[in-house]
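Here is a short briefing to read alongside the sequence and the 3D view. Take a look around first, and then we can go through the overall build and the domains together.

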Amino acid sequence: MSQFAQAALWSLVALPAAAGALLATIRRAERVAAPVSLTVAAASVVASAVVAVARPSVAVPFMAAVDFALTVDGLAALLALMLTVVTLLVLAAAAGEIRRSRARFHGLMLLFAASAALTVTAATLPTLLFAWEIMGAASYALIGFGWRDADRVSAGLTAFVTTRAADLGLYVAAGAALAGGAGLALADLPHSSPGWRHVIAAGILVAALGKAAQLPFSFWLSRAMAGPSPVSALLHSAAMVAMGGYLLLRVQPLLVATGWAAPLAMWAGALTALLLGTVAVAQRDIKQLLAASTCAQLGFVVMAAGTGAVAGGAAQLIAHAATKALLFLAAGAWLTALGTTRLADLHGVVGRWRLVGWSAAAGALALAGIPPLSLWATKDAVLARVLEQSPWLYAVGLAASALSAAYAGKLLVVIWRPLPPSGRRNVDAHRDHPGAGQVRFLQQAPLVVLAVGAAYAGLLALPPAGAMVARAVGQPGMFHATPVELAVSGALALAVVLLVARRPPPEPKWALRWLGLEAAAQTLVVRPTLRCAQALARFDDQVLDRGIELAAARSLRLAQHAGRTDDRGLDAAVDRVAAAARRLGRLARRPQTGQLHQYYLQAIVVFVVAVVVLIVWG
Amino acid sequence: MLSLIVFLPLAAAVALAAAPRLSDTVARWTWVAVAALDLGLIAVLWARYHTPPPGELAFAERATWIPGVNSSYHIGVDGFSLPLVAMTAVIYLACAVYALRERHRPRAHAALFLFLQSVSLGLFVAADLILFFVFFDLSIVGMYFVIAGWGHGNRAHSALKFFLYTFLGSLALLVGFIGLYVAATPHTFDMPQLTATPPLQGRPLAGGLVLAAILLGLAVKTPAVPFHTWLPPAHTDAPAVGSAVLAGVLLKMGTYGFVRIAMPMLPQAWRAWAWAVIAVGVVSVIYGALVALAQSNVKRMIAYTSVNHMGYIVLAVGVAGLVAADTAQARGVAVAGAVTQMVSHGLITGALFLLAGVLRDRAGTYDVHDFGGLASPAPAFAALFAVGAFASLGLPAFSGFVAEFQIFTGSIAAAPVTAVAVLGILITAALFLRALQQVFTGDTAGASIGFTDLRAGELWSIGPLLLLSVLIGVLPRPLLDVIEPAAHAVVGLLRR
């Protein structure tokens, strides 16, 4: 059994990875793409069920004396099941929606699913980082799926670079863990030496906040909505973004051990839930509204990690995954049918496509936190723990729940109420679009399943299942049902939804623009970096390179100078010496006349000169 | 066996040069066959390789050469050289396949590259400083002719600049080698002997000066900032295969010198100057990445990312000199990462330069602004370029991640301040994705119109390089099992 379970664990990652790589690279796989990917996704569901029961661990040596290790504990078991089921449902829906480049789409989705499964089961930091960054790259490729549109690719770039900026935290954390002496296994991190432990916690916290699109990184998720709807349904709600929250739940003991990281995570989550909730309320596009609400809902998970409510956080992740995948798929169905994601154009869609509409309405109600649907219970499981630690934070959390009721209510009102006459023209313009007005069966069936999940996943946070989940994630006895708070938040959600139905909520500019986060990142980071790069490139060309060229030119000039000195100085001097010697020779030839009387005369002159010299010096 | 591997390409080169009647096709395929055979021999060598005992080399061969100065023909391999030898053979084979379409004097082209292959292999197996130096200089001569003879653009100027600059560096290296020779008792150029009893211990000034000379020579070849300005023009004007060899193999001669010569033979001086090396490494990482970000010429951009990637290696070997008892493990990890990076960069950047060569071949330009929407007419080219770009930016599942993860964790654990170098992978990510976006996405425009997709020869030369990178990235153990003992050994040697 154990070997079988280990094989199941490997295949949970390896099977979708191999199938995805093949589909993405082999040409002419268009026809088989969807059947293959659905088969693989179904097999992954089975594999995740096996590992959820058997809880195996596997490891092979990797690098830096650390293993490439996968393990399944209670938390990983829950999340792996959630992941594979949502993947299967989303792929099934996408099989109806994605008509072009199917092989590339399904290949990339499977690669993504493999990396997400690896993230969930990773037991060491290198394994985690391995999976973590591939998720980012798959997300880039999927957001930019429609690459003929440069804007979509640019959105992918923003998403990848922003999340990678946060991922640097994991690299630093790995270095710190190596220095910390307790090893790079995730479970051992809290035992690192105290100084390094702070660095590890800080690095992981930054990486997780980046992936979970928490403040200040949230803006990348807004841009990521340029991708196809099924991509948003899987990556930007159920899986990749959720992994940020999951990582914090996993390293919750480390956060507690540092003393400061847990409260920081709590506040980061609470602020994101509050501010991005406001952003969601102000949005006029369904995908933007859902994206902002994803940030806000993940804020509750981050809060859960900070406050130590691991079971509540896990339940919130699962409930949110079902709800949000459902809503994104519904948005995708309406997009193919109507060609628009503008809220103004979606009035009354429930009436036109009942199955999709009612499922989406159930999802929106769950998102609003209406009892007895899922997010009502899971969010409250988190908030109950927060109340034990800080009433202020509880107040912020409650306000954030009210906001989620507001944006979900806004969505609900739009899709439920029939179209006002002024908006009808926009929709009519899309009537001629191929496939307009249809919602295929394959797109509908998964929505129903997800709607059931969105409705009932809350049971995970209510007795008796709640206590079981708490035991599974290693926190037995940490589960308390809190009827009063449940009642308070349920009543609040109901009241806010009713209020929104009567009066449309305000849409302030700053919230509509996602708090100006992207603009700020552009102004504060991107543009200065690009300017700095330009300046350095100029420096490289005009100073460093010019300096070398100048040095070479100077050497050449020096050589020419030396050559001239050589020609005009040394060589000329040699020439002059030679000429003088020649002249002397000519002079010396003069007396050689050959006539005897002249030689006598010369001898007498020499004799006289010699006598004179002797007399004078003598 | 080792001598056969080194000199087989040279023999083929001589044969090609001496047979003027040979048809071009035969010359081209001879190159491919010899390169493949050499790679096969190296595979056999790898299969039979066992980590040699400390201070010794595997498959060592020794013959008297210049006995007057105690210099011998001494060759052998260990965990540093074997991976580089294998990587070198892979790159040259890829170049041989890529060059099957070379039309300009293919026989001389093949002979020159076979000569360069012998020189490169010889350098990595050399166990004698004079032998090392001879191969070091011959590589410069060979590459000069490649750029000047088969390059484009301002090739005469670039080739001359490359030659003079790196030749000047090699002279500094020679001065350093002579310094080692003079200081050693008995005087010798033998590497294992110099490693076993390092000269200049306890003489900080002389040791520092000799190290400075060697470092200067290696830094020019590597190249490290600020000695890198010969690299971009040399790459821009070199033919694609020349660039692949230059970046893939020749740059490694510099970084290989650090772990083979400078660190084990001058441990005290290395420790004393470790922070200077680290500073040069960190500056190279950040500076190289930022300058690459500002480039619009694809080849210049890849050239500057090479400066960035070599910076990681310099950083890691610098960190290895920060000797402290409790960081030995971390520093070993960093050095293992550095050697992995040498292999990884060779494969990935070799592939990227070959891909850049396709741009020039089809469109006659390297400027990203001349292209747009290229993925539409050339999907295979786009896919391979994207894979190469992600490999180069250090994505997991590629060899670059294995290298950089080890370098970062090892460096940060030994010297936390080096954490700033991680910014390098963020900037390279941004610059590669920007280039991808500009060249491949959007509407098909400019030079992209009518662009022919990859041909079989191109696919079969570039594809295997990237596939190997994936293989190392997913299953790094076979490579790391070879590298790690040597890396930890050199860290131990630095304690002396």
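The radius of gyration used here is taken over C-alpha atoms, and the globule rule it is compared with is 2.2 Å times the number of residues to the power 0.38. Please keep in mind that this is a predicted model. For chain B, with 496 residues, that rule puts a compact globule near 23 Å, so the chain's own 21 Å agrees with it.

**Chain B: overall build**
- You will find 19 helices and two strands in chain B.
- The C-alpha trace of chain B spans about 65 × 55 × 40 Å along its principal axes.
- Of the 496 residues in chain B, 65% are buried.
- Among the contacts in chain B with a separation of 6 or more, 82% are between residues 24 or more positions apart.

**Chain A: where the domains meet**
- Here 16 residues of domain 1 of chain A are in contact with 22 residues of domain 2 of chain A.
- On the domain 1 side that touches domain 2 of chain A, helix H3 (74-97) and helix H7 (194-211) each supply at least two residues.
- H3(A) gives the most to that side of domain 1, with 13 residues.
- By residue class, the side of domain 1 of chain A that touches domain 2 holds 12 nonpolar, two polar and two charged residues.

Note on methods
Residues are numbered from 1 along each chain as its sequence is written. Chains are lettered from A and ligands numbered from 1 in the order in which they are written. This is a predicted model: local features need pLDDT of at least 70, side-chain atom pairs count only at pLDDT 80 or more; totals for chains, interfaces and linings use all residues. Helices (H or I, at least four residues) and strands (E, at least two) are DSSP runs, numbered from the N terminus. A residue is buried if 20 or more other C-beta atoms lie within 10 Å of its own, exposed if 12 or fewer, and partly exposed in between; C-beta atoms are placed from the backbone. Two residues are in contact if their C-beta atoms, placed from the backbone, lie within 7 Å. Ala, Val, Leu, Ile, Met, Phe, Trp, Tyr, Cys and Pro count as nonpolar, Asp, Glu, Lys and Arg as charged, and the others, Gly among them, as polar.
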